[in-house]
Amino acid sequence: MAAKYGLGIISGDIRNAFCTTPCAEKIWSVAGEQFGEKKRAIVVLKQALYGLKTASASFHKFLGDFLQEMGFEPTRADQDLWIKKSEHYEGYDYIAPHMDDIIIVAKNPLKYMSHIKQHFQVRDVTDSPEYYLGNNIAKRNGKMVISTK
């Protein structure tokens, strides 16, 4: 789609994805020695943590809610491929998250990435990435070539 419609591509990694996500369930714990005078106090987790069974699903929902606020909808074929009618051409803009990695394909992908960066810490933002999720991405003769070599 990117090559066919002359769309830009930008990718990034959402930092501390699970730790920015509201916890899906109530989790209580006992404060340890590092809490000084408050050791042995009962604490309730407000944010998800890596390792929780529901952390991935909680982040998926949290990010999905945010993408819907941006006007994107998940496709019927793949709930991790989000589309929005483009304002710039007769087609769609695309956002495809994979866990905490995200790739945006649009006429102006930086506009969407800038909005995402206002709500999430995003690192390794790459315009026209040559590598994403174990795949090499190259433009050759006006075509996009994706390979695992």
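Residues are numbered from 1 along each chain as its sequence is written, and side-chain values use heavy atoms, with hydrogens and water left out. Because the model is predicted, local features need pLDDT of at least 70 and side-chain atom pairs count only at pLDDT 80 or more, while totals for chains, interfaces and linings use all residues.

**The six-stranded sheet**

Select β4, β5, β6, β7, β1 and β8. Helices (H or I, at least four residues) and strands (E, at least two) are DSSP runs, numbered from the N terminus. These 6 strands form an open antiparallel sheet, in the order β4-β5-β6-β7-β1-β8. Two strands count as paired if DSSP finds at least two bridges between them. At the edges are β4 (73-74) and β8, each of which pairs on one side only.

Go next to residues 92-98 and 101-106. These are β6 and β7, an antiparallel pair with 5 bridges. Pro97 stands opposite Ile102 in β7. In the hairpin of β6 and β7, 2 residues lie between the strands, and Met99 has a positive phi near 55°.

How many residues of β7 are buried? The count is 5 of its 6 residues, so β7 is mostly covered; buried means under 20% relative accessible area, exposed over 50%, and partly exposed in between (1.4 Å probe, protein chains only).

**The nonpolar core**

Select Leu67, Met70, Ile95, Ile104, Ile116 and Phe120. Within the largest nonpolar core, which has 21 residues, these touch the most other members. A nonpolar core is a set of buried Ala, Val, Leu, Ile, Met, Phe, Trp, Tyr and Cys residues joined through side-chain atoms within 4.5 Å. The elements that give two or more residues to this core are β1, α2 (55-69), β7 and α3 (109-117). Of these, α2 gives the most, with 5 residues. In soluble globular proteins, nonpolar side chains tend to be buried together.

Then pick Met113, which is in helix α3. Met113 is buried, with a relative accessible area of 0%. For a distance check, draw a line from its C-alpha to that of Pro97: Met113 and Pro97 are 12 Å apart in space and 16 residues apart in sequence.

Is Thr21 buried or exposed? Thr21 is buried, at 1% relative accessible area. Display Ala17 as well: its backbone oxygen is 2.9 Å from a polar atom of the Thr21 side chain. This is a polar contact (a pair of N or O atoms within 3.5 Å; within protein, one must be able to donate a hydrogen and the other to accept it, and residues adjacent in sequence count only if both atoms are side-chain atoms).

Select Trp28, Val30, Ile42 and Val44. Together they make a nonpolar surface patch of about 430 Å². The elements that give two or more residues to this patch are β2 and β3 (42-44). Ile42 lies in strand β3 and is exposed, at 61% relative accessibility.

Now move to Arg40, in the loop between β2 and β3. Arg40 is not a glycine, yet its phi is positive, about 70°. Arg40 is exposed, with a relative accessible area of 61%.

Follow the chain to Ser128, in the loop between β8 (122-127) and β9 (131-132). Ser128 also has a positive phi, near 50°, and is a residue other than glycine. Its relative accessible area is 42%, which makes Ser128 partly exposed.

Finish with β9, β10 and β11. These 3 strands form an open sheet in the order β9-β10-β11, with antiparallel pairing. Because β9 and β11 (143-147) each have a single partner strand, one side of each is left without a neighbour in the sheet. Strand β10 (residues 135-140) is joined to β11 by 5 bridges. To locate one, select Asn136 and its bridge partner in β11, Ser147.

Technical notes. Patches are made of residues with over 30% relative accessible area and no salt bridge: like charges are joined within 9 Å, nonpolar side chains (Val, Leu, Ile, Met, Phe, Trp, Tyr) within 5 Å. Accessible areas come from the Shrake-Rupley method with a 1.4 Å probe; for residues, only the protein chains shown count as cover. A salt bridge is a side-chain nitrogen of Lys or Arg within 4 Å of a carboxyl oxygen of Asp or Glu.
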